[in-house]
Amino acid sequence: IRAVSRLQRNRQGAANAETILRMMMQQQHDNDNNGNAQQSPSPPVISPDTQAYSMVLHAWAQCERREMNGDAAQRAEDILVHMIREHDQNGKNVKPNTKSFTTCISAWANCARHVSKAAEKAQQLLDVLLQLHKKYPDDPDFKPDSSIGNSVLSAWSRSHRPDALQRTLESMEVLKSFATPDLYSYNCVLHAYSMQGDAKSAMELLDALILSSSNTNTTTSLIPSQQPIQPDVLSYNAVLNALAKSSSSNTSSTIAEELFHRMNVKPTNITYTSLIRCLSDQPEKALQYFDECPEPDSITYLTILRVIEKHNEVRLEYTNRVFRVLRQQEERQRRQQPGIKEDVFWKFLELYNGMGLERSVWMEHARPVVAECQRRGLISRRVFGLLGEAMSQPGGQAFGALMGDDVLLPEHSRNVSPKYRP
């Protein structure tokens, strides 16, 4: 079981591991039913134990991290339910434990953004463990810990359900009943505030964390533990994202800048992207922070371009500045991380198309964008569509006219999904 699940780290490996487990389960079942009727000695039956079940459960949980559609999480839960049933009926070789529950709950948490029932399923499994702990209070295998509480918190904070924030706060109270919340716990709550755009509550919690980290003897209603908890970059990113979603943009931009300069951790692309979103009414300042971002990714580029799109008076100048940054970043990015995605080049062209430029001026600005897109193998149907729209002719002819009758080769679309290639 270990071999097939580790060598085939995919759905097929998990399915093969489960096949072996079920073969062992069937042999045990046949032996239990027929053992007393047999007169001659029979070969020994190897019954599956906790470790065998746990390895199969883990294999399915790992699949869910990649698939995120809930199917593998359900397969993991089915294994866990069978473990619980075996323990209740026999109580010998098979016994679920806190780690089994945590693995399964984490699988549901991994797909909580995409599967509406995932967070509820995670909550139900925690409830089962809490019932087992109540039934066997002295058994350490059924004692819940912060890891399992955090997994449920993560599921609720990632969920897009309308009650996700309320359920996240309720899950935090449940966690406090059996364990001490840690930074991961509070980051889950901050993320839930962020998803709802509740900047006020997010700021209050972050301030409480900062106060806690600076004074070990300080406790508040939000951070009851006297153990200092130092907020990390994820904490700040969540609050900045909440501010970006807040309706009061003027106040949010001021608070966001102040918060950014208060950070005592290194900002990430997400930090800069959220800050730029907060400054959507101040394009010059947003562009300054964009220039500070060491390695902007596709989301950062799209965010600054959407900010620029709102301001006609600087649209052409600032779009050109951003494109110059992209070209300068090219060599470093090729060495260190995946390249910029097709939608960034599509957005550049959409902006140029919307500026009402004369054709010769439009071609002057669009040509280097298409050339860079072509070099990176990102010419798509969408790009062709924008070229055709700007030049009032089919996309292929527009491409040829813009690029000097250059022929579109397969390599020019090599990094585009086949169904989106022109």
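The second largest pocket has a volume of about 390 Å³. A pocket is an open set of points on a 1 Å grid over the protein atoms alone, where a 1.4 Å probe fits, with protein on both sides within 12 Å along at least five of seven lines. Volume is the space filled by probe spheres set on the points, joined across faces, edges and corners. This is a predicted model: local features need pLDDT of at least 70, side-chain atom pairs need 80 or more, and totals for chains, interfaces and linings use all residues. Residues are numbered from 1 along each chain, and side-chain values use heavy atoms, without hydrogens and water.

**Second largest pocket**

**Largest pocket**
- About 660 Å³ of space lies in the largest pocket.
- Of its 22 lining residues, R113, H191, L234, N237 and I270 are the closest to its centre.

**Helices α4 and α5**
- Helix α4 (residues 71-89) and helix α5 (residues 98-110) pack at about 155°, with axes 9 Å apart.
- Helices are DSSP runs (H or I, at least four residues), numbered from the N terminus.
- Axes are lines fitted to C-alpha atoms over the stretch in contact, and angles run from 0 to 180 degrees between N-to-C directions.
- The two helices are therefore roughly antiparallel (angle over 145 degrees).
- Among the residues in contact (heavy atoms within 4.5 Å) are L80 in α4 and W108 in α5.

Methods. Parallel < 35°, antiparallel > 145°, perpendicular 65-115°, else oblique. 1 Å grid on protein atoms, 1.4 Å probe; cavity = no way out; pocket = protein on both sides within 12 Å on 5 of 7 lines; lining within 4 Å.
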